[in-house]
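Subject: Structure for your review: disulfides

Dear colleague,

Please find below the structure I wished to hand over to you. I would be grateful if you could read the notes after it alongside the coordinates.

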Amino acid sequence: MSAAVWVSMLTFSALSAVASGVLSGPTEVRLSSRNLNLMLTWEPAAAAPSGLIYSTEFTSMVAPFREGCVNISALQCDLIPFNISPYGRYRGRVRAVLGAEASAWVESNNITLDKDTLIGPPSVALLSLGPTLEVSIKDPVFQISPLRNVYSNAAYNITFWKKGEKHQATNMDNIQQDRVVLNELEPLSEYCVQVHINTMTNKNPGEPSSPICEKTGKHDELPWVAAVIVVVIVAAAVALTVLVVLKWKNISQVFWPKVSLPKLFGESLKETPETSVCLALQPTEEVDPVSVVTPEEDAAAIR
């Protein structure tokens with residue numbers, strides 16, 4: 001049978017199913033999780049007609065199915081926005097929709113989020129400190145909650161080796177600190193480091209970080225680094241002191257500005273008062289002198 005005839009038969013079968021009211025459901029419906037996200041994915045049915053949209057639902061195994069993404073054309077649904085718990089056990093389902101027709105629901109696998117999620121690699125940085133290397137580690141970003149809130153006993157497994165000699169790698173397991181110094185390394189040699197996270201309760205091994213390599217320094221480099229740091233700090237302190245001394249006048253004016261009185265008010269204070277305080281309190285109104293006239297003097301004046 002030719003390929004063209006086979007495609008024609010599949011197309012006719014799909015159209016017949018739609019016409020009869022029976023729409024094929026999606027295939028390979030699957031729930032998966034990485035770094036505590038929750039993705040429901042699927043594939044369209046073979047020879048599915050164009051224009052299909054999909055609706056999804058999910059359950060936490062202790063409640064009935066509730067609505068997820070609805071009437072979407074994409075082949076996946078992110079369930080994180082639908083109030084997902086990092087400790088929940090979930091199952092999803094999907095159906096295809098074409099106009100007024102809808103397929104039967106097709107269910108996914110079950111997944112317990114904190115036990116089944118894949119833990120991504122941490123971020124790793126190396127710093128050469130003389131003949132040693134300092135490893136700095138940063139947890140991957142989780143969707144729902146920080147890693148340490150869900151896995152309180154999470155630890156780092158560190159593997160390091162001299163470049164080109166991975167078969168002689170050294171392992172450091174169950175490290176809690178996010179900064180670790182690798183000692184007893186050969187000076188002026190390049191070493192590579194990989195780190196993965198062990199959550200203790202998740203059944204999946206954490207994904208290892210990409211190998212990162214750095215060259216160690218000489219034995220006497222570390223004291224020189226400390227000496228340079230001390231010299232820089234002392235020089236900065238001396239420069240700041242000199243600057244303060246030279247600019248003290250300007251600095252003091254900023255914090256303790258001089259206050260000058262208005263010109264007229266200052267001149268009035270310099271003038272010497274002409275009277276005493278008591279004189280200042282005397283009334284300024286003029287008073288006529290008082291004279292006493294006897295009756296005899298008054299009669300003589302009339303005559």
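The following notes concern the disulfides and their surroundings.

Please bear in mind that this is a predicted model. A search of the whole structure returned two disulfides. With the bonded cysteines of the chain numbered in sequence order, they pair as 1-2, 3-4.

The torsion about its S-S bond is about 80 degrees, so the Cys69 and Cys77 disulfide is right-handed. As for accessibility, Cys69 has a relative accessible area of 17% and therefore counts as buried, the cut-off being under 20%. Cys77 is buried as well, with a relative accessible area of 1%.

The other disulfide connects Cys192 with Cys213, at an S to S distance of 2.0 Å. Cys192 belongs to strand E14 (residues 190-198) and Cys213 to strand E15 (residues 212-215), so this bond ties together parts that are 21 residues apart in sequence. For Cys192 and Cys213, the torsion about the S-S bond is about 95 degrees, which means that this disulfide is right-handed. Cys192 is buried, its relative accessible area being 4%, whereas Cys213 is partly exposed, with a relative accessible area of 28%.

Yours sincerely,

A colleague

Terms used:
Residues numbered from 1 in each chain as written. Predicted model: local features only at pLDDT ≥ 70, side-chain atom pairs only at ≥ 80, totals over all residues. Heavy atoms only, no water. Disulfide = S-S within 2.5 Å. Buried < 20%, exposed > 50% of the residue type's maximum accessible area, 1.4 Å probe, protein only. Helix = DSSP H or I, 4+ residues; strand = E, 2+ residues; numbered from the N terminus.
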